[in-house]
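Please open the structure in your viewer and keep the selection tool at hand.

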Amino acid sequence: MTALSFTLKSPLRQRLDASPLVPDRLLGKSPKEIATLDLQYGNRRIAAADLFDIAGDDAESVRISGSPKLDFAGRGMTRGSLIIDGDAGAYVGMHMKGGRLCVSGSAGLYAACELKGGIVEICGNAGDLLGSALPGNKKGMSEGVVIVRGDAGDRVGDHMRRGSILIEGNAGMYLGARMTAGTIAVRGRIGACAGYAMKRGTLLVYGSPVSIGATFNDCGLHTLGFLPLLLKGYQGLNTCFSETRACRSRVRRLVGDLSVQGRGEILLVA
């Protein structure tokens with residue numbers, strides 16, 4: 001069996017809702033049913049076969065041509081594998097509960113927002129509000145793992161409640177803002193206001209931060225016993241955070257945000 005692939009016939013001119021193109025909704029369908037699947041394209045609905053050349057027969061493994069206008073890819077996915085060949089638009093992996101989603105390029109706003117499980121890997125850059133809550137909601141990412149090989153935008157992990165976000169490049173402002181629990185690790189630099197209104201959780205930062213707010217208490221340098229155990233859990237994910245040196249480093253621990261009586265921590269790797 002070969003992966004079920006959707007190859008764009010021409011570049012997208014409007015935003016496309018790709019949420020129906022996930023293993024959960026394609027399993028058990030005949031080739032004719034898949035070809036006639038309705039997709040929201042701009043302000044109209046269109047059959048999948050009018051936009052894509054469709055090949056393959058393994059609905060557990062789906063591949064889609066990438067486009068910055070390809071929105072909602074992997075929404076609500078619970079099983080299987082979904083690969084986006086190229087860039088993806090907004091809301092990639094939204095409400096995903098299981099399986100593995102890989103974007104070979106970059107992703108737009110709200111990637112992995114309110115993630116509930118599974119693994120989301122973005123090989124390029126990620127836009128603002130990665131792993132965050134949707135507007136008006138107060139429950140962001142609650143489970144799963146997000147890996148970004150490039151840089152991430154502002155407000156990563158806003159209202160995050162659990163899970164791990166691993167960023168191998170830089171991250172923008174307000175990293176972990178209003179975070180309740182979970183782990184965000186950044187290999188590069190971070191912007192200002194990290195941990196704003198943070199209540200619990202861990203920000204693990206390897207690069208020099210622009211500044212840390214006055215509402216975080218500096219607790220000095222530590223060798224933390226839990227840190228090697230935390231990073232050991234990432235060894236099967238092919239990420240730089242599982243390297244031996246990363247597990248043995250001393251860290252400068254800052255606790256806050258004290259303005260909200262928070263007990264979160266920012267760990268600056270020495």
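**A tour from strand to loop**

Begin by selecting Val148, which stands opposite Ile167 in β12. The strands β11 and β12 pair in the parallel sense over four bridges; two strands pair if DSSP finds at least two bridges between them. Strands (E, at least two residues) are DSSP runs, numbered from the N terminus.

This is a predicted model, in which local features need pLDDT of at least 70 and side-chain atom pairs count only at pLDDT 80 or more, whereas totals for chains, interfaces and linings use all residues. Residues are numbered from 1 along each chain as its sequence is written, and side-chain values use heavy atoms, with hydrogens and water left out.

Next, select Val120, which is opposite Val146 in β11. Strand β10 (residues 116-122) pairs with β11 over five bridges, in the parallel sense. Of the six residues in β11, five are buried (under 20% relative accessible area, 1.4 Å probe, protein chains only).

Now move to Met160, in the loop between β11 (143-148) and β12 (164-167). Is Met160 buried or exposed? Met160 counts as buried because its relative accessibility is 0%. Its contacts (heavy atoms within 4.5 Å), leaving aside residues up to four places away in sequence, include Gly140, Ile165, Arg178 and Ile184.

Finally, select Ser67, in the loop between β6 (58-65) and β7 (70-71). Ser67 is buried, at 8% relative accessible area. Beyond residues up to four places away in sequence, Ser67 touches Leu8, Leu12, Asp87, Ala88 and Gly89.

Definitions and conventions. Buried < 20%, exposed > 50% of the residue type's maximum accessible area, 1.4 Å probe, protein only.
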